[in-house]
Amino acid sequence: MANPSQFPPPLHSRCLMRRTFANRAFAIFYSFAILALLYRHVIHLIHSPNIMLSLFILLADLLLSFLWVTSQAFRMYPTYRRLFFEHLEHYVKESDYPGLDVFICTADPYKEPPMGVVNTALSVMAYDYPTEKVSVYVSDDGGSKLTLFAFMEAARFAAHWLPFCRKNKVVERSPEAYFRSNPSSWFPEIDQIKVMYESMKMKVESVVEKGTIPLDHITNGQEKQGFRRWTDDEFTQENHPAVVEVVLESGKDMDITGHTMPNFVYVSRGKSPASPHHFKAGALNVLLRVSGTMTNAAVVLTLDCDMYSNDPQTPLRALCYLMDPAMDPNLGFVQFPQSFHGINKNDIYTGESRHVYHIHPIGMDGLAGPTHVGTGCFFRRQVFFGAPSGTCPPISDHLPTKPIRDKEILASAQHFAAWDYENQTNWGTKMGYRYGSLVEDFYTSYLLHCQGWKSIFCNPKRPAFLGKAPTNLNDHLNQSKRWGVGLLEVGFCKHSPIFLGLKKMGPLTAICYANYAFRPLWSIPITVYAFLPQLALLKGFSIFPKVSEAWFILYIFLFVGAYTQDCLEFILCGGRIQRWWSSQRVWMMRGVSCFLFSSAEYLLKSFGISQFGFNVTNKVVEEEQSERYKKGIFEFGVSSPLFLPLTTAAIINLVSFLWGIVLIFKQKSLGGGLVLQILLSGFVMVNCWPIYEAMILRTDRGRMPTTTTITSIFLSLAIYIIVSVTPKI
């Protein structure tokens, strides 16, 4: 019999959460209630005096039922994992750690300030990981020499920052985050380091503001050579040759203590109007090829440009899964949650997206694993080049034999980054990140799961990464609109989760993906319930059961049951009740705005009427706007078409609620059939308070534009007139 002491201690453990049984029991009970509701709809439809109105309500409830039922797949196997990364030394020596290639993508130096990208790069360069095994690749899709200049300045600062972090065991490895935290521990070098950082920051921001690099800022011939590409007048953001510039080379460039620096490479892929560039997916595929030529590390970490490392030991946590010989041999990637700094107390725009980044991954972790969410993900490099083999080969690097500044290596990297390299290849279809959707992360992980790869959700107490969420409503809605179009592209493509997913994956995993892919269809039931019952109320027409009927209890149960389940789940996952309220309010706002627009834009694109572009989310925030956000005040401020359905719904619900109160006083009874419509109008009205405030009470620059308010008033009036002259509504 084997001696238990011969076995190394475990690297991790997992178990189902205690709420699993309650989730399953509630799902069964609530499903019967849904069936009862649909039965009532059928009976009511047969005797309805208004077939069209009844059909719209039936359609809305069918979609609500579909989306609720598919959401239950997340609740069948919620899994809790515990990590023991201190045991990693029993499995692998530090000298045997695999190489780590870090990919960071940026696209516009004015919307994504280079100093934010610099802080992200510095935070991962300073990982508690063998420096010679770390390589950081930054893709600059803006093709800006200003961004390259910022990285050259960062490289100089890194020679001081990295040894400072190692010596003093600094946890916040992003300089901006470290100095913002007002560190309580004082070190002799801290004042000097801070002065150096502020000097670098001022220099970079000054260059970006002026749009040009003074000659005295370029200190040597090597740096001057790096900017040679931008001397060509024909070099534009959308039409330029590939640029691959080695900023730091491990083994050649040293910090102030004589310790080697990590590799640091700037890449701006070639672009031409003659060839599609496939947005972020195309940029990541270029980094896969360039890094494969230069360092070819076995593990790849992808990061958004503003998502800095908040824990220097994060790679070790990922290795606890990737290097565990007892793990599923098909494990392809380890996903960390997106977390954000600077979110206000009540998270008014639900920037933390707790459902997407925390609750749902916990549910999928008990199945095939969570989806890739675009950042904070450690991949085995081999997942991008085919299906799993069914065995678990040890993670090892296949390192190039030549240094990364070798002319042959650089020429090869330039070739792989050229705009026409992918023509007639399998890149984007069978290799690398997949093309065909604006949500390349979701689509790629979906197809990887279809191939048989698995994933793990790693959610340590200290967030592994921290990013910046949109701090105004227009940016949030536009970002969600872009995601909505991408999700529908996946939902209705030939590889749809309801077809290929059910065939290739387990049914629960496929249903989870279907819930994600068809999520923009929330726009239909939310829009129906935001307008039709209220318009019927204005005409005194009842579409819901009376208080005295048993069906009334069913409607109350369905509403309260779904909301209570969602609220409890949110709180059990570490959320607060105020933030849950913000989450459900923004969910309704998205339903009548960005999801409605994304559904329409997807339809137009499907018929070839329009093409949807990729707009970079603006990460620059004005000081006045920032102050309003900190106070929890909604930011409208711009004339956006996304605000028009919001304001129109707010007006119609306010008027219908007030008219319902008048009818109650007239009838002197609450027993009529209009009570549920009045309650619905009141509920929507409460959620619309920030809109009423922005339309009427506020005078600051973030108030609702007058043109939007006036337009919505006339639009509401037009809708009411049309309904008034329609005989059967």
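Visitor: Which residues in α21 and α22 meet?

Guide: Asn653, Leu654, Ser656, Phe657, Gly660 and Ile664 in α21 meet Ile678, Leu680, Ser681, Gly682, Val684 and Met685 in α22. "Meet" here is contact, that is, heavy atoms within 4.5 Å. By class, that contact divides into seven nonpolar, five polar and no charged residues. The classes are: nonpolar for Ala, Val, Leu, Ile, Met, Phe, Trp, Tyr, Cys and Pro, charged for Asp, Glu, Lys and Arg, and polar for the others, Gly among them. Please keep in mind that this is a predicted model, where local features need pLDDT of at least 70 and side-chain atom pairs count only at pLDDT 80 or more, while totals for chains, interfaces and linings use all residues. Residues are numbered from 1 along each chain as its sequence is written, and side-chain values use heavy atoms, with hydrogens and water left out.

Visitor: Why is α21 called oblique to α22?

Guide: The axes of α21 (residues 643-667) and α22 (residues 675-687) come within 8 Å and cross at roughly 140°. That angle makes the pair oblique. The cut-offs are under 35 degrees for roughly parallel, over 145 for roughly antiparallel, 65 to 115 for roughly perpendicular, and oblique for the rest. Axes are lines fitted to C-alpha atoms, for helices over the stretch in contact, and angles run from 0 to 180 degrees between N-to-C directions. Helices (H or I, at least four residues) and strands (E, at least two) are DSSP runs, numbered from the N terminus.

Visitor: What makes α1 roughly antiparallel to α2?

Guide: Helix α1 (residues 20-47) and helix α2 (residues 51-71) pack at about 165°, with axes 10 Å apart. That angle is what makes α1 roughly antiparallel to α2. Their contact includes Phe26, Tyr30 and Leu45 in α1, and Ile51, Asp61 and Trp68 in α2. By class it has 13 nonpolar, five polar and one charged residues.

Visitor: And why is α4 called roughly antiparallel to α6?

Guide: The axes of α4 and α6 (residues 190-210) come within 10 Å and cross at roughly 175°. This again makes the pair roughly antiparallel. Among the residues that meet are Phe149, Glu153 and Trp161 in α4, and Ile193, Tyr197 and Lys203 in α6. The contact has 15 nonpolar, one polar and two charged residues.

Visitor: Let's turn to the sheet. In what order do its strands come?

Guide: Eight strands form an open sheet with mixed pairing, in the order β5-β6-β4-β3-β7-β10-β9-β11.

Visitor: What makes a strand of this sheet an edge strand?

Guide: An edge strand pairs on one side only, and that holds for β5 (243-248) and β11 (454-457). Two strands pair if DSSP finds at least two bridges between them.

Visitor: Why do Arg166 and Asp255 count as a salt bridge?

Guide: The rule asks for a side-chain nitrogen of Lys or Arg within 4 Å of a carboxyl oxygen of Asp or Glu. The closest N and O atoms of Arg166 and Asp255 are 2.6 Å apart, so the pair counts.
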